[in-house]
Amino acid sequence: METMQQDHTNTGAPVLKVMDTQCPFCSVQCKAQVIEEWAPGATKPTYRVEPKMNAASEGRLCIKGMNAYQHALHRERLTEPLLRQGGQFVPISWDAALTLIGERFTALQDQYGRDTVGVYGGGSLTNESAYLLGKFARVALRSKYIDYNGRFCMSAAASAGNKAFGIDRGLTNPLSDIPLAKCIILAGTNIAECQPTLMPYFTRAKENGAFIIAIDPRETGTTRMSDLHLKVKPGMDAALANGLQKVLLEEGLIDASFLGARTKGFAELKAHLEALDLEEIAQLTGVSEANIRKAAVTYGKSSTAMVFTARGVEQQTDGYMAVRAFLNLVLMSGKIGKPGSGYGAVTGQGNGQGGREHGQKADQLPGYRLIENPGDRAYIADVWDIEPEELPGKGVSAYEMMEKVHAQEIRSLLVMGSNPIVSNPNANFVEEGLRKLDFLVVADMFFSETAQLADLILPVTSYMENAGTLTNLEGRVLLREASRPPVGQSRDDWRVLSDIADQLGRGQYFEYGSAEDIFEELRVASRGGIADYYGITYDRLRREEGVYWPCPSTGTVSTGRLFEQQFAHEGGRAELIPVDNHMPAELTDDAYPLYLTTGRVLSQYLTGVQTRRSRSLAARDVESFVELHPKTARAYRITDGELVRVTSRRGTIVVRSRVTTDIRQDTVFVPMHWGDSQCVNKITNQALDPTCRMPGFKVCAVTIEPLVSGA
Ligand SMILES: Nc1nc2c(c(=O)[nH]1)N[C@H]1C(S)=C(S)[C@@H](COP(=O)(O)OP(=O)(O)OC[C@H]3O[C@@H](n4cnc5c(=O)[nH]c(N)nc54)[C@H](O)[C@@H]3O)O[C@H]1N2
Ligand SMILES: Nc1nc2c(c(=O)[nH]1)N[C@H]1C(S)=C(S)[C@@H](COP(=O)(O)OP(=O)(O)OC[C@H]3O[C@@H](n4cnc5c(=O)[nH]c(N)nc54)[C@H](O)[C@@H]3O)O[C@H]1N2
Ligand code: SF4
Ligand SMILES: [Mo]
């Protein structure tokens, strides 16, 4: 393994160091131990990883968690600040780096106004760092421009949950409810590859007799466990969910007393559904009427049921409405707020849940408060010891920030915890914009594609070296302790923010000695908000296996099940809404006759910056690929394993073909984990959902051809 240089020999007995930690990758947040062993005479330690018992992961770890330590120990970890000078990066001291940031941010703000400096965060950051990033933008920079990569991840489900239920928490039930469900709908979620340690919950449900329905244009490890797979056309989930609701209504499988007592909007929804045509829906979605009926009737007749959505449904230009359509289904059947019945937006990043609660979003303040709500502004201003008028207004969403960068309305950016030139749609445009910036600062552990464009790179600590809390997909807050000292001169994200604030003359608002100090402030800032963490303390987190929010007092003990008595809207009712059979923003035509959809593979994580630095993971998928149906392959004269050009209106990538009957004939699939000429976002569409500003990552129109024609 490519670990950093270790230059001493163990001359004594074997030395074992057991480090308690938590996987840095997906939203399950499995607990683990990394065990470092120095054998007698060894000049280097060896490492092994053991899963650790926790209520969410039940003592399981997937291959990414088993090998995560390899990137943390990798010799390419950034160890000192790096300044671009004449096309090269040269090491500089922290003092020099911080002074430079202070000077450049101040000069640009003096010349162009405060909003010219923006902040771009990420859902891998701990709650403490995410909270502080929001405070940093508003109090240190006093800029309105802040958003984060979770915009591309959770924004559709978050806005749908807020509007329908009055609260956005990934799962409305604890994971332990899954085995109690008699029917499970998995819509656009590939749990087998993306949250692998959750699979046994579903296996147990099946053993208990559950009927599983998968909705996905592709066959995956997840759809293979289903009893019925609806191979939907990309982007047509809202129509499909409408079809399911229509059948529920026709078959009288709705819960009238639940609808009457606990919801509003059913009359309009009913009229809307009655006017829809199931045959047309079958045609639009590519799913037969018989299968739509079978799915709806099985769901409707089951005594308990759970519906899950993830990015397949959500990363669409109608992502918000498509999720609302599934929430309609759940509410119409009354299958929520009970053991074994509920809904789950399967969150993505390690802190995909917490990262969206405490102020990284353009319109948001801590505790899920709103920056445009005068009461919320006053409350947070008081916690932060500033005047409410000093708080900026709301900014714009992640991709729209990139448009402002391109238009040079934003001239400087601090990126912390994201690799935007690989993960944004229309990536060529985003890269062009970032190259125009007067001053780009990237805080990362590695020399990512985005860091390569920076003027200044700041080295930060990894998951093994910093402490903080992360909130998993159930809304369970977990404490991850630091288990190793920082590498080189790397610093914790929160400390970097405090240090920069100091340079901006705002240090008095950022005086923290530890992550726990920040958490103590976060508790108060979130108090009384939707995402109330007031009752959570580090002590509690050390004693308990995580604590669910909302948690208004230190005595609150929650089952993790929401909405048992009422929904979170004033008046306690959930809201139903008519949803159109929306079409994707870009349709196929003669020039671009195929749909492209995108997603993930088991061994790689997001833009791959971390997983490619883990030898065991990198070896499993060394390059990207395009999945296509054998008939499609034949039509385009493409054989299995050859290089293929995939072209959309925005650009071209070159990837290797994987010919498989797993995918629909009209669709090809490319994973998102690679950059440069394999970066699928060079061809994805930048069209955004009008409500939540989520890009439609999951559908655009493309054409394909062999790289070497006639081969
Ligand atoms: N191995 C691995 N695990 C991860 C990650 C990772 O990068 N790698 N990332 C984490 C993060 S941040 C996230 S957000 C989650 C994502 O977790 P998921 O959302 O489960 O992952 P995706 O592969 O993006 O998409 C899920 C499925 O949607 C399908 N799909 C594509 N288009 C459509 C459509 O139009 N309709 C429907 N119904 N389905 C469609 C895809 O074929 C895919 O199987 O995973 C987390 N876990
Ligand atoms: N086509 C397509 N595009 C997509 C998606 C898709 O399904 N299809 N999915 C979208 C989704 S759901 C997501 S979540 C985004 C994610 O996309 P990105 O935001 O680009 O996510 P990462 O690849 O995790 O990039 C994180 C960067 O931050 C660094 N990092 C990791 N942890 C930390 C930390 O604690 N602190 C700091 N300072 N740095 C850290 C890593 O080394 C890496 O360079 O991509 C989106 N883009
Ligand atoms: S990637 Fe997710 S499922 Fe795998 S070990 Fe990490 S947290 Fe657990
Ligand atoms: Mo995500």
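Author: Leaving aside residues up to four places away in sequence, Asn-242 touches His-272, Leu-273, Leu-276, Ile-281, Val-579, Asp-580 and Asn-581, where contact means heavy atoms within 4.5 Å. The model is a predicted one, in which local features need pLDDT of at least 70 and side-chain atom pairs count only at pLDDT 80 or more, while totals for chains, interfaces and linings use all residues. Residues are numbered from 1 along each chain as its sequence is written, chains are lettered from A and ligands numbered from 1 in the order in which they are written, and side-chain values use heavy atoms, with hydrogens and water left out.

Asn-242 belongs to helix H8, and helices (H or I, at least four residues) and strands (E, at least two) are DSSP runs numbered from the N terminus. Asn-242 counts as buried because its relative accessibility is 0%; buried means under 20% relative accessible area, exposed over 50% and partly exposed in between, with a 1.4 Å probe and protein chains only. The C-alpha atom of Asn-242 is 34 Å from that of Met-402, which is 160 residues away along the chain.

H8 itself covers residues 237-250, and its 14 residues reach 20 Å from the first C-alpha to the last, close to the 20 Å expected at 1.5 Å a residue; the expected span is 1.5 Å times one less than the number of residues. Of the 14 residues in H8, 13 are buried, so that the helix is mostly covered. After H8 comes Gly-252, whose phi is positive, near 65 degrees.

The next matter is how H8 packs. Two packed helices are described by the angle between their axes and the distance between the axes. H8 and helix H11 (residues 278-285) have axes 9 Å apart and pack at an angle of about 150 degrees, the axes being lines fitted to C-alpha atoms, for helices over the stretch in contact, with angles from 0 to 180 degrees between N-to-C directions. H8 and H11 are therefore roughly antiparallel, since angles under 35 degrees count as roughly parallel, over 145 as roughly antiparallel, 65 to 115 as roughly perpendicular and the rest as oblique. The crossing in which H8 passes H11 is left-handed, a term used if the near helix is turned anticlockwise from the far one by less than a right angle, with right-handed if clockwise. H8 contributes Ala-239, Leu-240, Asn-242, Gly-243, Lys-246 and Val-247 to this contact, and H11 contributes Leu-278, Ile-281 and Thr-285. By class, the contact of H8 with H11 has five nonpolar, three polar and one charged residues, where Ala, Val, Leu, Ile, Met, Phe, Trp, Tyr, Cys and Pro count as nonpolar, Asp, Glu, Lys and Arg as charged, and the others, Gly among them, as polar.

H4 passes H19 in a left-handed crossing. The contact of H4 with H19 divides into eight nonpolar, two polar and one charged residues.
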